[in-house]
Amino acid sequence: MAEVARRPIALVTGAVLLLEAPGIVAVNAVMARFVKVQAMSLDGMDPDVMYTGTWALGIASGAALALCALVALLAGIRDRRPGRAGRALLIGCAVVHGVLGAVTVGLIGWAAFTFMMLVLGLIVLTLVAYGKGYEAGADPREEAPAPA
């Protein structure tokens, strides 16, 4: 992959994840509101506990997405690969997007699936662009001499 593509890919990934974070909180807020208004329960569980749990999941998911966005943005700004914890966070985010993409295709439709796969592709591209062979400040690899 061309060196010029690394930075924009990481920056776009960070921006998309940063925009997705409040979206996931909003979706969980809507679900929490439905639980509260309809007094739903699951196997006798207290509806207030489900309401609080839905909010907590939404906030935690939004914070995790914002953290993943921060990792991707820092990688793009510094033009250095993320550390071990940052890569693990991005890999986990990619796995979650893959699983949620498989679920959304049945529940919501192909448009949501396409969005989830687009974000998954951006995360994987960011991880691959700053792969194991890339180190900031390293000299470019020398070309092999041409055959005589």
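**View 1. A129 at the end of helix α4.** A129 has its place in helix α4, which covers residues 110-129. Helices (H or I, at least four residues) and strands (E, at least two) are DSSP runs, numbered from the N terminus. This is a predicted model, in which local features need pLDDT of at least 70 and side-chain atom pairs count only at pLDDT 80 or more, while totals for chains, interfaces and linings use all residues. Residues are numbered from 1 along each chain as its sequence is written, and side-chain values use heavy atoms, with hydrogens and water left out. Is A129 buried or exposed? With a relative accessible area of 5%, A129 is buried. Buried means under 20% relative accessible area, exposed over 50%, and partly exposed in between (1.4 Å probe, protein chains only). A129 and E3 are 126 residues apart along the chain, and their C-alpha atoms are separated by 8.3 Å.

**View 2. The whole chain.** Here you can find 4 helices and 0 strands, and reading along the sequence gives the pattern α-α-α-α. Of the 148 residues in the chain, buried residues make up 30%. Contact means heavy atoms within 4.5 Å. Among the contacts in the chain with a separation of 6 or more, 68% are between residues 24 or more positions apart.

View 3. The 20 residues of α4 should span 28 Å at 1.5 Å a residue, and its end C-alpha atoms are 28 Å apart, which agrees. The expected span of a helix is 1.5 Å times one less than its number of residues. Look for the buried residues of α4, among them A112, M116, V119 and A129. The buried residues of α4 pack against α1 and α3. Zoom in on V119: not counting residues up to four places away in sequence, V119 touches V16, L17, E20 and H97.

View 4. D79 lies in the loop between α2 and α3. Phi of D79 is near 55°, a positive value in a residue other than glycine. Most residues other than glycine have a negative phi.

View 5. At 1.5 Å a residue, the 24 residues of α3 should span 34 Å, and its end C-alpha atoms are 34 Å apart, which agrees. Which helices do the buried residues of α3 pack against? They pack against α1, α2 and α4. T104 is found in α3 and counts as buried at 12% relative accessibility. Leaving aside neighbours within four places in sequence, T104 is in contact with G109, A112, F113 and M116.

**View 6. V35 in helix α1.** V35 has its place in helix α1 and is buried, with a relative accessible area of 9%. Apart from neighbours within four places in sequence, V35 is in contact with M40, P47, M50 and Y51. V35 and T54 are 19 residues apart in sequence, and C-alpha to C-alpha they are 8.8 Å apart in space.

**View 7. The largest nonpolar core.** A nonpolar core is a set of buried Ala, Val, Leu, Ile, Met, Phe, Trp, Tyr and Cys residues joined through side-chain atoms within 4.5 Å. The largest nonpolar core has 14 residues, of which L17, L65, C68, L90, C93, V119 and I123 touch the most other members. At least two residues of this core come from each of α1, α2, α3 and α4.

**View 8. The largest pocket.** The largest pocket has a volume of about 780 Å³. On a 1 Å grid over the protein atoms alone, a pocket is an open set of points where a 1.4 Å probe fits, with protein on both sides within 12 Å along at least five of seven lines, and lining residues have an atom within 4 Å of a point. Grid points are joined across faces, edges and corners, and a volume is the space filled by probe spheres set on the points. The largest pocket is lined by 27 residues, of which E20, I24, N28, L100 and M116 lie nearest its centre. Elements giving two or more residues to this lining are α1 (3-38), α2 (47-78), α3 (84-107) and α4. The most comes from α3, with 9 residues.
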